[in-house]
Amino acid sequence: MSPISLIAKYYTIGTPLYNILLTHSSHVADMAVEIVEAYPQYGADRDLVYQAAMLHDIGIYLTNAPRIFCNGTEPYIRHALLGGDILRREGLPLHALICERHTGAGISAAEIISQNLPLPHKDMIPETIEEKIVAFADKFFSKTELNKKKSLKEARASLYLFGEASLARFDKWTDSFIP
């Protein structure tokens, strides 16, 4: 099943939420694929990166984020975990890991505990090159300013909320993914 068909399984085509998700995910996927193509030496799987970038936010509809038309009951911070569950049920375990590990620049168990986040007490930090590329590209696009790509400074500023460790991971990726 294509990523767009899978999104349509969970979202009503043409609704504001569907349009937000598809626009945001398309921008992330385009940037992620550009990184894969610019750095062939990393050996990233282009198809996996594209598909996972399109699906990385599939769980947002289950969250309570009315600003982007999400009327679920879960806290928004859980959207990656919820999306991972969906993708696992769909038989996409690698996509699920990319989804689960994209929030911020990943979140460690220590960060989850110290910030009292409603997440399992486990590391949710990107490990594979594909996970890192999707998480990195995601930081440049918001769901509220859909057609604006953030500057590197703006992307870094948005990560500051996740703490110094998350920002340090992002900075390391910047050295790897931006010439």
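Contact here means heavy atoms within 4.5 Å of each other. The model is predicted, with residues numbered from 1 along each chain as its sequence is written. Local features need pLDDT of at least 70, side-chain atom pairs count only at pLDDT 80 or more, totals for chains, interfaces and linings use all residues, and side-chain values use heavy atoms, with hydrogens and water left out.

**First stop: Tyr10**

Select Tyr10, which lies in helix α1; helices are DSSP runs of H or I with at least four residues, numbered from the N terminus. Leaving aside neighbours within four places in sequence, Tyr10 is in contact with Ile58, Tyr61, Ile86 and Glu90.

**Second stop: α1 and α3**

Select residues 3–10 for α1 and 46–55 for α3; the two helices pack at an angle of about 20 degrees, with axes 9 Å apart. Axes are lines fitted to C-alpha atoms over the stretch in contact, and angles run from 0 to 180 degrees between N-to-C directions. The helices are therefore roughly parallel to each other, a label given to angles under 35 degrees. Show the side chains next: Pro3, Ile4, Leu6 and Ile7 of α1 meet Tyr50, Gln51, Met54 and Leu55 of α3. By class, this contact has seven nonpolar, one polar and no charged residues. Ala, Val, Leu, Ile, Met, Phe, Trp, Tyr, Cys and Pro count as nonpolar, Asp, Glu, Lys and Arg as charged, and the others, Gly among them, as polar.

Move to Leu146, in the loop between α7 (129–138) and α8 (152–159). Beyond its neighbours within four places in sequence, Leu146 is in contact with Ile20, Thr23, His24 and His27. Select Ser25 as well: Leu146 and Ser25 are 121 residues apart along the chain, with their C-alpha atoms separated by 9.9 Å.

**Last stop: the largest pocket**

A pocket is an open set of points on a 1 Å grid over the protein atoms alone, with protein on both sides within 12 Å along at least five of seven lines; lining residues have an atom within 4 Å of a point. Select Tyr76, Ser142, Lys143, Lys150 and Phe162, which lie nearest the centre of the largest pocket among its 21 lining residues. Its lining divides into seven nonpolar, eight polar and six charged residues.

Methods: Parallel < 35°, antiparallel > 145°, perpendicular 65-115°, else oblique. 1 Å grid on protein atoms, 1.4 Å probe; cavity = no way out; pocket = protein on both sides within 12 Å on 5 of 7 lines; lining within 4 Å.
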